[in-house]
Amino acid sequence: MNKLTTLITRIVAFSVLLAGMAACSSGTSKSTETEVAIEAPSKTIQLEIEKPQLTFGFIKLTDMAPLAIAKELGFFEDEGLYVTIEAQSNWKNVLDRVIDGQLDGSHMLAGQPIAAGAGFGRQANLVTPFSMDLNGNGITVSNDVWSKMKENIPIDAEGKPVHPIKADALKPVITDYKNNGKAFKMGMVFPVSTHNYEIRYWLAAAGINPGFYTSDNIQGQVDAEVLLSVTPPPQMPATLEAGTIYGYCVGEPWNQQAVFKGIGVPVTTNYDVWKNNPEKVFVMTKEFTEKYPNTAVAVTKALIRAGKWLDTPGNRPKAVGILSMPEYVGADSVVIANSMTGTFEFEKGDKRSMPDFNVFFRYHATYPFYSDGIWFLTQMRRWGQIPEEKPAEWYESTIKDIYRPDIWSKAAGLLAEEGYLSADEIPETDGFKPATAEFIDGITYDGKDPIGYINSFEIGNKDEKILP
């Protein structure tokens, strides 16, 4: 026996001795975390998975968190799923790769599967069984624009701007730019993104026309007082710093990144534009859900568990650590924590409590409500992406082909049986939320009256109440 072999033998023997001593000292008690984890039986009732190896996509935003958590905490594996998660370059790439089958599913803009089924952009039969989050976006402007806006914003007793800040404060700035021969340019992430509709809503509520889409102008800039263009989320701060745009609407951490770099100031969040609005969704093709129904339910189960974990008090700091990993969002953990841990920083040093800035489970956030999807259809019609009038019935029938609460309910029912969900965490609903006026302009939205809602705006296309 050579010296190396002898040394290895002694090390192994010593390790076995230490393990034996530890076992003796603990008696028959199973007290260590490792032992508990090994002995604790899984509560998960595994389905017969038709396709266990899966690849999902995402964009580097904090609201992709349910995917990262489901993978890192083993929720996918509990379901018998072996998932690879891949960052994508932009939202068009996400859409194309899901439609073409290169991705089995993806974190996606809520408007993307809706547009694909409603006639705007690339057409496909996509479905949404899971809503990933509520809120989570902000509207940021450059330092120069902010310095001019501040003159039009009331100040509170502490000398801070009074929130919410409406686009009324921006209107004279836009006029000033125009008088100096400069078009006022702002960015959003995709034509059918929540961000596009939110920044348009915010502007139009102040009487600022953000422009219309036509067959001849697919940029949506007809009659526009503000020129909106597409910029991928991670590139927003650099584009603002370069002066290509003067403001943008994007998800986190790219508003907080502007504060961190000292190049811009978030002026409002989408929580103030529409309180507890839907944001991202998880999307698969209809073909996938029909060919692999148990797999679709199992994926949804894991994502619901992840959403609940994210909204369980005390878990956000760990989530921030996971999201800051380069394979996920990859931004500095301090920047991610600025919004993910219940606060949001506006002007440098003006950090305010915003416990609902990121919601992943509360208020039944994971349930795909029909009324949420219909809101997107109303905005597509309002701004001309849907060019022709549609009857009210069209809105409901269209969204019921895309939003799939039946898949969600199967998943949630199994989670309740397993003890992961309580009865009050499963909504009793027909798929429509109650009418709400919790918008920045106070206009009431009722998902069961889409035509009335479209006609309620001063700026936007108008439809007849009754169509043949």
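1. V98 is buried, since its relative accessibility is 1% (buried means under 20% relative accessible area, exposed over 50%, partly exposed in between, with a 1.4 Å probe and protein chains only). The model is a predicted one, in which local features need pLDDT of at least 70, side-chain atom pairs count only at pLDDT 80 or more, and totals for chains, interfaces and linings use all residues. Residues are numbered from 1 along each chain as its sequence is written, and side-chain values use heavy atoms, with hydrogens and water left out.

2. V98 belongs to helix 5 (residues 91-99); helices (H or I, at least four residues) and strands (E, at least two) are DSSP runs, numbered from the N terminus. Not counting residues up to four places away in sequence, V98 touches L103, G105, S106, M108, L126, V283 and T285, where contact means heavy atoms within 4.5 Å. From V98 to M108 is 10 residues in sequence and 9.9 Å in space, C-alpha to C-alpha.

3. Helix 14 (residues 293-310) has 18 residues and reaches 26 Å from its first C-alpha to its last, close to the expected 26 Å at 1.5 Å a residue (the expected span is 1.5 Å times one less than the number of residues). Because 15 of its 18 residues are buried, helix 14 is largely enclosed by the rest of the structure.

4. The largest nonpolar core has 86 residues, of which M149, L170 and F184 touch the most other members. Such a core is a set of buried Ala, Val, Leu, Ile, Met, Phe, Trp, Tyr and Cys residues joined through side-chain atoms within 4.5 Å. Leaving aside neighbours within four places in sequence, F184 is in contact with V145, L170, V173, I174, Y177, E225, V226, L227 and Y246. Another core, of 51 residues, lies apart from the largest one; among its members are V83, Y292, I336 and L415.

5. The whole structure holds 26 aromatic pairs. Rings of Phe, Tyr and Trp (its six-membered ring) pair if their centres lie within 6.5 Å; planes under 30 degrees apart count as stacked, over 60 as edge-to-face and the rest as tilted. F120 and Y213 are edge-to-face, because their planes stand at 75° with the ring centres 6.0 Å apart. This pair links distant parts of the chain, 93 residues apart. F120 is partly exposed at 21% relative accessible area, whereas Y213 is buried at 6%.

6. W274 and Y445 also form an edge-to-face pair, as their planes are at 75° and their centres 6.2 Å apart. W274 lies in the loop between helix 12 (270-273) and strand 11 (280-285) and Y445 in the loop between helix 19 and helix 20, so the pair ties together parts 171 residues apart in sequence. Both W274 and Y445 are buried. They belong to a cluster linked by ring pairs, which includes Y197, Y201, W375 and F376.

7. Two charged residues are placed at the ring of Y420. The charged end of K43 sits over this ring, 4.4 Å from its centre, and R305 lies over the face of Y420 at 3.9 Å from the ring centre. A charge sits over a ring if NZ of Lys or CZ of Arg is within 6 Å of the ring centre and within 35 degrees of the ring normal.

8. E425 is in the loop between helix 19 (405-418) and helix 20 (450-454), and counts as buried at 18% relative accessibility. Leaving aside neighbours within four places in sequence, E425 is in contact with K308, F361, H364, W408 and Y420.
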